[in-house]
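Please read the following note with the sequence and the model side by side.

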Amino acid sequence: MQYILEDVINGILMGSIYGLAALGLTVIFGVLKVINFAHGSLLMVGMYVAYWAVILTGLHPYLALVIVVPVMFLFGYFLQDIVIKPIFKAEKAVREPITVIIVTTGVWYILDNLSLLVFGPQYRNLQDNPLRGKMLEVGGMLLSVPRLWGFFAALLTALAIYLFFQKTRTGRAIRATSIDREAASLQGINQYKVYNVAVGIGTAAAGIAGVSLVPFYNIFPSVGVLFDIKCFIIVVLGGLGSIAGALLGGMIIGVIEYVGTQFMAATWTEAIVYGLFLVFLFLKPSGLFGVKYEW
Amino acid sequence: MRILELKGVNKSFGGLKAVEDFNLSIEEGEILGLIGPNGAGKSTIFNCIAGVYPPTAGEIYFKGENITHQRPWDLCREGLARTFQIVKPFSSRTVLYNVTVGAFATTGKRAEAERRALKVLRRLHMQDVKDVRAGNLTIAYLKRLEIARALATQPKILLLDEVMAGLRPTEVDEMVKIIKELRESGVTIFVIEHIMRAIMALSDRIAVLHFGKKITEGTPKEVASDERVIKAYLGEEYGTA
Amino acid sequence: MGRNTIRIGPLVLAGVIALGLPLAVRSVTYLHILVLLYLYAYLTTSWNLVGGFAGVLPLGHSAFVGIGAYTSTVLSLQYGISPWIGMMIGGILAAIVGVIIGLPTFKMRGAYFALATIAFAEGIRVMVENIDNLGPIRLNGPRGLQIPPLNTGLLNFMFATKEPYYYIILFMLAGVLLLTYAISRSKLGHYLVAGGEEPEAAMALGVNVARAKLIAMAMSSFLTAFAGTFWAQFTLYIHPKSVMSLDISFEIAFIALIGGRGSIAGPVLGALLLRPVTDFSRIYFGGKLPGLHLIIFGVVLILVMIYQPRGLQEPLTRAYRSVTKKLFGHTEAA
């Protein structure tokens, strides 16, 4: 019984990191109404940036956030500005949601293979970082310390994003644009700038998730693919555009994975996650907290 | 013969009651007009009849049969066709292709469907634009295309949703002529229209809708002089052609 | 030069060249490349039936390739059934799965549909990777199945040289192109186009859009499975990553999109342009620059989507028309 509880808690911790990874995706969707198929690759980039930041500076992984967050923000900002914006600006035939999906899939392929080319296929990890392998004993259960750090990172990031959208001027401008593009631009809000910032934030969140992962996860060019699909599942589960939904959805997935592996092979839990995803797609596409979008 | 009958039709969207207790019957071969201020619920009624969504309550009968929950494609096969207020052409294809799609409703062979489509186009004086890409048409032709497509399905009753909107006065007169010719050929017409001149000239009878309820029904002359109708329209932003 | 000659001329020319190529090309490597080229042209044309004509974006077609490959292989290895029969059975199985997938997903639009197809395809792949034995059937999980090259001959769909495979896939490609052409002119074709462009209007004109899409899906998955059987018989080794991976699904979709989905020539054109990129970058850059061709794909895809969303077949057709107009005074259309 105790082991199940331990699995559940570790699952929640890991799941919150999944949620953190999915946070960016849900934010980008909430604002731009597009599903960014390249999100997993952004996460992968975040992991590599975190990895190199730690290796080159010798900093504690979480201190590397100082480098990772701005770099990722700018990366996302310019990705939106240079690649996605032309499609938004083009006429209707090009601007349908499907075209953006196709383009972001292209970005996915480019990023993944570029990093394969540049960094090589080998698995890397931060062997000597201060968090690796550390366990915390709480009431007879062993909790993974890096995942615990990730848990808090996830909560703080979610809170920060929520407050940003609620309290700051830019944040409110973004929310206004996401509700009604034209009305917002009549108020003097530059919608393209808003989109750039939103994607920047989403990408920065992916960067933070990357930082949470590098202490204990392997880094390799196609690591993003596993997370990409998982993030979609989480976002659909939790509701597109919902921050709380992303965290909750992530935790659900995490618990399924951790508890599931007690009873079956890891890859079967993968199949269960896919199955759950399909069930939600068919029965409740708006997820737990989101709004149904007709598109 | 009563070709279309609506009995106690209600339609609510969430808490909003769009149509309330609507009763109507249309005789075969007549032209019935439906008018009312914007938002009165006219298109909602059309959508209920055409199977886009079912009414929340009430029944609809077509040629004596209960069609309340039937889907649009089945209704089309049975002879009920409609046009859309906001035109929906298959923009990337030619006019002929568009109408051929409609013609396929009663045949499986392409040659025959194309022949019927050409006939319809000639009837509506559109044969010169048959090879034009639908996306490049003017609004007048687009409205006519909507009718042509629906006509190609060989309907017994045709629901026309504001086919005159956006047309110039001469174009409106042409359209009235075309619709009258359609009735001569045996098609019952149920038309929603805002342009008073047109609907007064066209309709045998007119029903008036206001806030989802039918407030009166009668000949064009009766309706035009009905106080309730005048009150419903006064104070509304509303223009006649 | 008559209109029909201009229309049919290049096709006849291409056909003659294709038939005669194996006589001129003696290198086994190049023949292999050509076979793969035709295979992908076949796959993208089959995909086009639902991804182009029906107007949706299926990103999980590798599942059908896998179903075809595994069905015919298992049937021939364990029960001695000829791969040709296995191919048919695989096709039928794939069609059934395709309809099952399509029934709930065609109601969705855009990204939801694409995601659902990815989830289905990956789910099936994960299951096959995990199952060693399904009752009496041996699937061998991630290790896959190997076909011993024992009995050659047409009946066994096994040949010692590449030439017979070349002609078989060429024949399949020609068949599927003819089918696509016939469908585009048929009632189903019109209904699919209408349902894809303006579903509400189509429904009002008597089109059961959902049913038309399902029919297209069944055809598409049926034909795609054939490619799986061909692949199994050609390479004599199949495993989940080789026949069911997401990479294959995406490559098929990318090629069709770049070439121009919804047109007949588009997918073939896409394959003609992009497959050589894959093959030559593998030959010349091989180990030194892995994944280069995928980067090129990605860039081309993005550029095409921004500047020529209907695919490269549009500007190419226009160029062809202006050339024939200059040479012969008219094009094949008017």
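1. Two residues are said to be in contact if their C-beta atoms, placed from the backbone, lie within 7 Å. The structure is a predicted model, in which local features need pLDDT of at least 70 and side-chain atom pairs count only at pLDDT 80 or more, while totals for chains, interfaces and linings use all residues. Residues are numbered from 1 along each chain as its sequence is written, chains are lettered from A and ligands numbered from 1 in the order in which they are written.

2. Chains A and C share the most contacts of the two pairs of chains in contact. Here 33 residues of chain C are in contact with 37 residues of chain A. Helices and strands are DSSP runs numbered from the N terminus (helices: H or I, at least four residues; strands: E, at least two). On the side of chain C that touches chain A, two or more residues each come from helix H5 (110-130), helix H11 (246-259) and helix H13 (292-307) of chain C. H5(C) gives the largest share, 14 residues. By class, this side of chain C has 25 nonpolar, five polar and three charged residues; Ala, Val, Leu, Ile, Met, Phe, Trp, Tyr, Cys and Pro count as nonpolar, Asp, Glu, Lys and Arg as charged, and the others, Gly among them, as polar.

3. In the second pair, 22 residues of chain B are in contact with 17 residues of chain C. Helix H2 (72-78), strand S6 (80-82) and helix H3 (95-103) of chain B each supply at least two residues of the chain B side, and the largest share, four residues, comes from H2(B). That side divides into 10 nonpolar, six polar and six charged residues. Chain A and chain B do not touch, and their nearest C-alpha atoms are 10 Å apart.

4. How do helices H7 and H9 of chain A pack? Helix H7 (residues 169-179) and helix H9 (residues 191-213) of chain A meet at an angle of about 110°, with their axes 10 Å apart. Axes are lines fitted to C-alpha atoms, for helices over the stretch in contact, and angles run from 0 to 180 degrees between N-to-C directions. H7(A) is therefore roughly perpendicular to H9(A), a term that covers 65 to 115 degrees. The contact is made by A:Thr170, A:Ala173, A:Ile174 and A:Thr177 of H7(A) together with A:Gln191, A:Val194, A:Val197 and A:Ala198 of H9(A). These residues comprise five nonpolar, three polar and no charged.

5. Is helix H5 of chain B enclosed or open? A residue is buried if 20 or more other C-beta atoms lie within 10 Å of its own, exposed if 12 or fewer, and partly exposed in between, with C-beta atoms placed from the backbone. Of the 14 residues of H5(B), 11 are buried, so this helix is largely enclosed by the rest of the structure. Among the buried residues are B:Tyr141, B:Leu145, B:Ile147 and B:Leu151. Their cover includes S6, H3, helix H4 (110-123) and strand S7 (157-161) of chain B. Just after H5(B), B:Gln154 takes a positive phi of about 55°.

6. Helix H1 (residues 3-24) of chain C has 22 residues, of which the number buried is zero, so H1(C) lies largely in the open. A kink of about 35° lies at C:Gly9 in H1(C), shortly before the proline C:Pro10; the bend at a residue is the angle between axes fitted to the seven residues ending there and the seven starting there.

Notes
Parallel < 35°, antiparallel > 145°, perpendicular 65-115°, else oblique. Expected span 1.5 Å × (residues − 1).
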